[in-house]
Amino acid sequence: MSSEEFEKFHEIYSSLYEELKLMPDRAFRCYGEEKKRLVRDFDEKVGEAGEMLQGMEKELVGAPPSYRNSMSTKIRIYKRDLGKLQRDMKSTDLGTGPGYRGEGKYGVYTAENEQSTHLQSQRALLLQGTESLNRASQSIERSQRIAAETDHIGTDIIEELGEQREQLDRTRDRLVHTGENLSRSRRILRSMSRRLMTNKLLLSVIIIMEITILGAVVYLKFFRK
């Protein structure tokens with residue numbers, strides 16, 4: 001079911017019904033050719049209103065049961081009202097005026113079906129309005145599809161940026177960890193360097209002491225008598 005199509009049919013039917021319900025009173029006050037034209041106009045609009053009701057019934061086929069039941073009741077009421085207007089229009093032929101030359105009760109409904117230029121222009125305007133509504137509906141659907149695609153693309157971009165942020169956070173953590181390791185390595189190297197210098201100094205002192213002791217031994221043994 002398309003709710004937009006249903007509302008479109010309903011709106012057109014309501015407009016037609018507002019015009020139709022004024023016609024029986026007008027027909028009662030008309031005679032001759034003017035009355036014939038009014039009856040033909042009424043017949044055309046009744047046919048169009050019936051088509052709108054058929055379209056509304058078709059649109060209700062796939063509707064939810066609760067909505068379909070309420071709308072079906074409303075359509076039956078519309079049909080009853082439309083039938084009452086037709087009976088009212090027929091009743092205007094029971095008392096024909098002096099200019100109405102006895103064509104028979106409501107004979108114009110079945111004998112004369114040609115359309116006047118005015119009715120043709122009204123139908124053309126109605127079709128143009130329907131086409132405009134269809135184009136507007138299609139344009140809205142395209143806009144909705146584009147908006148949905150844009151929303152999907154935006155969601156993908158946000159997810160991708162989130163993943164990149166997580167990667168950057170992990171990289172930063174690794175860099176921080178690497179910096180800490182480098183700091184510990186520098187401290188170890190400085191400690192090893194200090195120990196090496198200390199060892200060199202101790203070794204130098206030991207060598208100097210050994211040389212001094214050796215010199216003293218040589219002196220005492222060979223030069224001192």
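## Helices and the model

Helices are DSSP runs of H or I with at least four residues, numbered from the N terminus. The structure described here is a predicted model.

## Aromatic residues

There are two aromatic pairs in the structure. One of them joins Tyr13 and Tyr17 in a stacked arrangement, at 6.1 Å centre to centre and with 25° between the planes. The angle counts as stacked because planes under 30 degrees apart are classed that way.

Tyr13 and Tyr17 both belong to helix H1 (residues 3–20). They are four residues apart there, so about one helical turn separates them. Tyr13 has a relative accessibility of 2% and therefore counts as buried. Together with Tyr78, the residues Tyr13 and Tyr17 make up one aromatic cluster.

## Nonpolar surface patch

A nonpolar patch on the surface consists of Leu214, Val218, Tyr219, Leu220, Phe222 and Phe223. The accessible area of these residues together is about 660 Å².

Leu214 lies in helix H6, which covers residues 117–223. With 55% relative accessibility, Leu214 counts as exposed, because the exposed class begins over 50%.

Methods:
Residues numbered from 1 in each chain as written. Predicted model: local features only at pLDDT ≥ 70, side-chain atom pairs only at ≥ 80, totals over all residues. Heavy atoms only, no water. Patch = residues over 30% accessible without salt bridge, like charges linked within 9 Å, V, L, I, M, F, W, Y side chains within 5 Å. Areas by Shrake-Rupley, 256 points an atom, 1.4 Å probe, with all protein chains shown as cover. Salt bridge = Lys/Arg side-chain N within 4 Å of Asp/Glu carboxyl O. Helix = DSSP H or I, 4+ residues; strand = E, 2+ residues; numbered from the N terminus. Buried < 20%, exposed > 50% of the residue type's maximum accessible area, 1.4 Å probe, protein only. Phe/Tyr/Trp six-rings, centres within 6.5 Å; stacked < 30°, edge-to-face > 60°.
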